[in-house]
Amino acid sequence: MTGERARARRREASVLGVVAAGGVLGAEARYGLGVLLPHGPAGWPWSTLVANLSGCLLIGVLMVVITELTVAHRLVRPFLGVGVLGGYTTFSTATVDVLTLAHAGRPLAALAYVVATPVLAVLACGIGVVATRVAAGRAPQPREGGR
Amino acid sequence: MSGAAVLWVALGAAVGAPLRYLVDRAVRSRYRGRFPWGTFAVNVAGSAVLGALTGAVVALPDGVVPAAVQAVLGTGFCGALTTYSTFGYETVTLVEKRAPVTAVVYVVGSVVAGLLAAALSWWAAGLAVG
């Protein structure tokens, strides 16, 4: 009983560990992108938009690969999905970018950004999902009852 | 790109990402509906924290809020606590499970709640430090 418990605790610790490690890698990539594509308060937040759109595209690809095409190791999803891509993309910066634009006297840019980010992000994720299924020779839609 | 900032970002992200995982798991164990409340909660909470931080940075003279605090709390912690990739994937999943209304409510609700939370805490932080 105690062995069972200890094993469960070790599994839990390993998941938290890979989520943290992946989160650090993803956050550093996002930070690097911000250094490469700097913008002032009134500037269009390209770095956050690029991180969020590319991260959404990649999670679409990842989730199809590990849930429909292969049997992945139990730590792959926590590391790459929850950790790396979760740490790479950010909802808080996307939200505060909108307020920063409005505060800098660019309400129209703020409005365009607040609409464009979620629409393009969901689209990018959908493209990642469908394109991966098509590339693997599967139907674009998952079979009924699947998953 | 400063070495110190890289370390601060790592420290914040090493806390933010596992916290997101733990919140999502705790929510999933209590609520079995299809609305992604776990991601919704971390995204709105993280927006509120980053809104407060940014409100304080804007209200105070340059350099009063140290760059290290912005790196560890803003870029690292809030950035890793919140997620757009999971948010996008959950939305696509809702559409595929033929719940387009829930998907739209999820997206619009998250964006609006995040904005309100961030704006409110930005304003409150400005009052607090001003």
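**A covered helix of chain B**

Reply: Helix α3 of chain B, residues 67–81, is mostly covered, with 12 of its 15 residues buried. Helices (H or I, at least four residues) and strands (E, at least two) are DSSP runs, numbered from the N terminus. A residue is buried if 20 or more other C-beta atoms lie within 10 Å of its own, exposed if 12 or fewer, and partly exposed in between, with C-beta atoms placed from the backbone. This is a predicted model, in which local features need pLDDT of at least 70, side-chain atom pairs count only at pLDDT 80 or more, and totals for chains, interfaces and linings use all residues. Residues are numbered from 1 along each chain as its sequence is written, and chains are lettered from A and ligands numbered from 1 in the order in which they are written.

The buried residues of α3(B) include Gln70(B), Val72(B), Gly76(B), Phe77(B), Gly79(B) and Ala80(B). The buried part of α3(B) packs against α1, α3 and α4 of chain A, and also against α1 (3–30) and α2 (37–59) of chain B. Leaving aside neighbours within four places in sequence, Ala13(B) is in contact (C-beta atoms, placed from the backbone, within 7 Å) with Gly76(B), Gly79(B) and Ala80(B), among others, and with residues of chain A including Val24(A) and Gly87(A).

The contact between the chains takes 44 residues from chain A and 41 residues from chain B. On the side of chain A that touches chain B, the largest share, 12 residues, comes from α1(A).

Note on methods: Contact = placed C-beta atoms within 7 Å.
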